[in-house]
Each structure stands twice: as C-alpha cells, then as structure tokens.
Amino acid sequence: MAKRSKAVRPAKKTSTGAASADDTTITALKLPPAPLSPGMAAYFAKCEEKLGFVPNVLKAYAFDMTKLGAFAAMYNDLMLAPSGLSKLEREMIAVAVSSHNRCYYCLVAHGAAVRQLSGDPPLGELMAMNYRAARLSKRQRAMLDFAVKLTAEPWLIEEDDRATLRRSGFSERDVWDIAAVAGFFNMTNRVASATDMRPNSVYHRQAR
C-alpha cells in the first residue's frame with residue numbers, strides 16, 4: 001500500500017524462505033485480473049518507476065477497476081495528500097491499528113514505511129509489536145491511543161477523547177484525519193485478513 005521514494009527504491013531479488021510464495025499467491029481467492037483501464041495502467045507504471053514494484057494490494061483489487069480506482073483514490077487522499085498529520089504520523093496510525101488487528105499485510109508494508117520515513121528501524125518494530133513501548137512524544141501517544149481505542153472499542157469514544165487530542169496540539173481537521181486513517185485501515189485490515197492477502201516480499205528487507 002505505502003509509496004516509496006526513488007532514494008529507497010528496493011533492488012529486485014528472489015525471495016526465499018517463509019515469504020517466498022507471497023509474490024505469486026497474493027490472496028486465497030481465485031479472482032482473475034480485469035484488463036487495466038488506461039488510468040490504472042499508468043498508475044501501475046508509476047509504481048514500477050518509483051517503487052520498483054507494484055504493491056500486491058493493488059494487484060489484489062485489480063479484478064475490478066471500479067474497486068481498484070476507489071481504493072487507490074482513498075488511499076492516496078488519506079496517506080499522501082496535505083494534512084496536519086505528517087506522512088510518518090499517518091503510517092504510525094496504520095501500523096498501530098494493524099497491530100491491534102494482527103493484519104499481516106499491513107504490518108509488513110506499513111512497518112517498512114515507518115522504518116523508512118523515520119530513519120529509525122527499531123521504531124517500525126515497536127509500532128508493530130507494541131507502540132506503548134516506544135518513546136513517543138505526547139502528541140504521538142495521544143494520536144495512537146485514540147486510533148487504537150477507535151479500533152478496539154469505538155463505542156467508548158467520547159468528547160474527552162477528542163479533547164485530549166486538542167490538548168496535544170491537534171486541530172479539528174487533524175482529529176478528523178486521525179479518525180479517517182484509523183477507519184480506513186480497519187477496513188483494509190479486515191479485507192486483507194479475510195482474503196489472506198500477502199505483502200510483497202521486498203518489504204521485509206526495506207530500511208533494515
């Protein structure tokens with residue numbers, strides 16, 4: 001799911017071991033890919049140019065161009081468009097939510113993104129294992145506490161939870177963005193788990 005810059009473009013290698021089949025058997029569902037629309041063909045080509053590969057989540061959605069286009073548009077808007085949340089903060093939300101949901105795909109892909117964007121490989125591991133063990137700022141801790149509470153017990157979210165975010169320096173729009181990113185990854189986690197979606201093996205080696 002996560003985009004990478006040319007500076008961290010991974011070398012193409014053949015994976016061996018536990019993840020060796022993840023680049024060939026992407027999901028447990030036998031859904032034949034549809035012909036790529038011109039827009040999606042250009043998008044896939046851009047992924048190849050910038051990342052060196054097409055993220056498997058895009059291939060998984062490629063059986064239906066409408067669903068693929070909607071997924072890509074929502075992802076790009078939430079994770080890459082201007083926001084009061086940094087790209088790293090949005091990736092941290094993705095990993096903290098995915099850790100609670102134990103989503104293999106998103107933990108691997110977005111854990112790699114946290115390692116790359118932070119320049120701190122252990123931070124990516126801490127986000128995946130238990131963000132509470134990381135030495136986070138007050139802002140980051142409040143953001144992740146809110147995102148994980150929204151994931152685990154959304155019916156318990158109250159004004160006090162939003163007020164805590166405001167006191168930690170988040171604007172009204174930032175609160176919306178935290179909720180939207182957390183909500184998006186709860187959806188993608190469930191689809192990925194339901195279909196046994198597998199991440200590109202190259203993610204395992206990035207930014208180690």
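Author: Start with one term: contact means heavy atoms within 4.5 Å. This is a predicted model, where local features need pLDDT of at least 70, side-chain atom pairs count only at pLDDT 80 or more, and totals for chains, interfaces and linings use all residues. Residues are numbered from 1 along each chain as its sequence is written, and side-chain values use heavy atoms, with hydrogens and water left out.

Reader: Which residues in helix 4 meet helix 7?

Author: Helices (H or I, at least four residues) and strands (E, at least two) are DSSP runs, numbered from the N terminus. In helix 4, Glu89, Met92, Ile93, Ala96, Val97, His100 and Asn101 take part. Their partners in helix 7 are Arg139, Gln140, Met143, Leu144, Ala147, Val148, Thr151 and Ala152.

Reader: How many residues of each class does this contact have?

Author: Ala, Val, Leu, Ile, Met, Phe, Trp, Tyr, Cys and Pro count as nonpolar, Asp, Glu, Lys and Arg as charged, and the others, Gly among them, as polar. The contact of helix 4 with helix 7 has 9 nonpolar, 4 polar and 2 charged residues.

Reader: At what angle do helix 4 and helix 7 pack?

Author: Axes are lines fitted to C-alpha atoms, for helices over the stretch in contact, and angles run from 0 to 180 degrees between N-to-C directions. Helix 4 (residues 87-101) and helix 7 (residues 138-152) pack at about 40 degrees, with axes 9 Å apart. That makes helix 4 oblique to helix 7. Angles under 35 degrees are roughly parallel, over 145 roughly antiparallel, 65 to 115 roughly perpendicular, and the rest oblique.

Reader: Is the crossing of helix 4 and helix 7 left-handed or right-handed?

Author: A crossing is left-handed if the near helix is turned anticlockwise from the far one by less than a right angle, and right-handed if clockwise. This crossing is right-handed.

Reader: What about helix 1 and helix 3?

Author: The axes of helix 1 (residues 38-51) and helix 3 (residues 65-80) come within 10 Å and cross at roughly 50 degrees. So helix 1 is oblique to helix 3. Their crossing is left-handed. Met40, Tyr43 and Phe44 in helix 1 meet Met65, Leu68, Gly69, Ala72 and Asn76 in helix 3. By class, that contact has 6 nonpolar, 2 polar and no charged residues.

Reader: How many helices and strands does the protein chain have?

Author: The chain has 9 helices and 0 strands.
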